[in-house]
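Welcome! Have the view open beside you as you read.

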Amino acid sequence: MNQPTRCRIAWAAALSVVLGNSATAAEDQATRSLAANCTGCHGPGGNSVGAIPAIAGLEKAYIVTAMQEFKAGTRQATVMHQHAKGYTDQEIEVLADYFSKQKRQ
Amino acid sequence: MSLSRRRFLKQLAAGAVAGAATGVGRPAFAAGARVVVVGGGFGGATAAKYIRMWAPDIQVTLVERNREFISCPLSNRVLAGQVELVDLTRGYGALSSKYSVEVVYDEAVAIDPGKRELALEGGDVLPYDRLILSPGLDLLFDEIPGLREPAARERVLHAWRAGQQTMALRRQLEAMPDGGLYALTIPKVPYRCPPGPYERACQVAWYFKTHKPKSKVLILDANEKVQSKEPLFTKVWKEWYPGIVEYRPNSTLLDVDATTLTAKLEFEEVKADVLNVVPPQRAAKIAADAGLITANNKWVGVDFLTYESTAKKHIHVLGDAIVAAPAMPKSGHMANQHGKVAAAAVIALLRGEAPNPNPVINNTCYSFVSDKQVIHVASVHRYDAEKRTMVVAPGTSGVSAAPSELEGTYAESWGKNIWADMLA
């Protein structure tokens with residue numbers, strides 16, 4: 001199944017607008033789908049039980065810095081240096097923004 | 001009134017109310033649309049929960065034959081006496097109480113793709129707008145003549161589904177006298193959980209080393225080499241379990257004598273005190289019967305944007321049953337990722353919208369090489385529009401530098417978090 005170009009553009013645009021003011025439904029879902037990558041390890045909504053750090057409610061700038069340092073290999077990691085390399089800088093911003101807004105439980 | 005007729009009328013009513021209430025915005029069809037999910041494991045439970053979380057106007061019914069979920073990942077630790085089965089067990093209560101998933105404890109037996117109906121063992125027939133199958137796989141005992149009788153399978157266990165098999169294998173190992181032989185056979189790839197058998201060998205070896213040090217672990221692998229985390233497992237066997245673990249590749253199991261616990265290979269026979277056979281595998285019967293298998297007579301082809309079957313419309317397939325993309329393992333973690341992509345795609349399709357053209361998923365898999373030390377393998381996978389499959393993102397694929405207790409704590413945390421992600 002080939003996606004029409006306008007759909008690809010719509011989803012990409014959705015991700016960039018998310019960082020602005022009010023998000024549309026499509027933008028919300030694009031963000032939620034991306035963030036859903038993380039919850040298998042970090043727990044639902046980024047609330048973790050046990051040794052894996054919770055990421056819910058962390059400062060956005062902190063998450064961006066950490067992920068960029070994982071990506072660059074300058075931050076101590078067991079597995080996150082691998083995961084961080086899988087995302088674009090824009091996606092990292094979106095993830096950081098999303099998890100910064102999640103309630104810590 | 002029969003259960004299915006009551007359900008049918010409820011759906012009609014929901015559709016009528018939705019039609020009146022929505023008016024503008026998303027198509028009325030989506031509100032009150034009905035998704036049926038088969039399988040309450042890593043893929044199905046996740047898909048059911050996430051559809052309800054992201055689109056509470058869509059009805060979801062989950063069909064699961066077991067009353068509780070027991071995680072096969074991490075269950076090798078039960079064999080070493082490190083955890084109890086109860087630690088790996090979760091209920092389905094929150095799916096219904098928190099997310100209003102209709103949980104039906106029954107077995108799905110047949111699909112009518114034309115009528116869009118799912119028949120259950122108990123007699124009910126469930127209509128669906130979209131069907132999500134996360135049915136796991138069948139263990140092909142028929143391919144090992146000596147295991148065709150149920151009595152034989154009571155003596156020669158697989159423990160490739162967690163639960164009674166895990167407990168029974170643990171009891172066999174506990175009962176084995178010191179100096180005995182545990183033989184584990186591994187089928188040719190692909191099979192569920194590539195590192196699983198090697199982790200099992202480590203767990204049994206650790207148990208022997210600490211409790212029955214004259215005992216041996218013999219791995220009879222049909223494959224040419226260790227299929228996951230190879231240098232790490234090989235090093236652990238050599239340095240931590242010398243004289244205990246022996247690894248033999250290119251050793252396909254042809255038959256078994258369940259009375260004498262003898263494994264029959266092409267050029268030799270091995271008599272064990274505990275014989276553990278992981279049989280060859282194939283996508284579950286319900287998928288096969290519905291004509292969904294497209295590859296090697298074993299696996300279900302899917303569109304990686306939506307997990308929709310390439311053989312039948314309106315049926316999405318997740319987890320171990322599918323034809324894997326390059327380097328995509330048959331793992332619980334991966335099935336949980338499939339479930340979320342499929343959830344978003346099914347919601348979009350029911351609303352008449354395009355699904356995400358750029359899905360990203362990942363795998364993280366932890367193996368316990370001793371009581372506390374763990375190694376991982378991980379990768380990120382992104383959609384390649386030209387190849388129309390998921391490809392490994394550059395720089396993301398890799399394993400631990402060495403085993404560590406730190407990763408052991410992460411592995412335990414991973415379990416609790418992913419089961420919560422699926423079921424809480």
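## A helix and what follows

Helix α10(B) is followed by B:G352, a residue whose phi is positive, near 75°. Please keep in mind throughout that this is a predicted model.

Let's step back to the helix itself. Helix α10 of chain B covers residues 332-350. With 19 residues at 1.5 Å a residue, α10(B) should span 27 Å, and its end C-alpha atoms are 26 Å apart, which agrees.

## Where the chains touch

Now for the meeting place of the two chains. Chain B brings 39 residues to the contact, and chain A brings 29 residues. On the chain B side, α10, β22 (360-368), β23 (374-384) and α11 (405-423) each supply at least two residues.

Which element gives the largest share of the side of chain B that touches chain A? That is α11(B), with 12 residues. By type, the chain B side divides into 16 nonpolar, 16 polar and seven charged residues.

## Two helices that cross

Helix α11(B) also has a partner within its own chain. A pair of packed helices is described by the angle between their axes and the distance between those axes. For helix α2 (residues 44-54) of chain B and α11(B), the axes come within 7 Å and cross at roughly 55°.

You can find the meeting point by looking for B:A45, B:T46 and B:K49 in α2(B), which meet B:D421, B:M422 and B:L423 in α11(B). The residues of this contact divide into three nonpolar, one polar and two charged.

## A four-stranded sheet

Our last stop is an open sheet in chain B. Its four strands run in the order β13-β12-β11-β17, with parallel pairing. Which strands form the edges? They are β13 (245-248) and β17 (274-277) of chain B, each of which pairs on one side only. From one strand to the next, the twist averages 15°.

Strand β11 (residues 181-186) and strand β12 (residues 216-221), both of chain B, pair in the parallel sense over six bridges. To see one spot in this pairing, look for B:I186, which stands opposite B:D221 in β12(B).

Note on methods: Residues numbered from 1 in each chain as written. Chains lettered and ligands numbered in written order. Predicted model: local features only at pLDDT ≥ 70, side-chain atom pairs only at ≥ 80, totals over all residues. Pairing = 2+ DSSP bridges. Axes fitted to C-alpha atoms, helices over the stretch in contact; angles between N-to-C directions. Expected span 1.5 Å × (residues − 1). Contact = placed C-beta atoms within 7 Å. Nonpolar A, V, L, I, M, F, W, Y, C, P; charged D, E, K, R; others polar.
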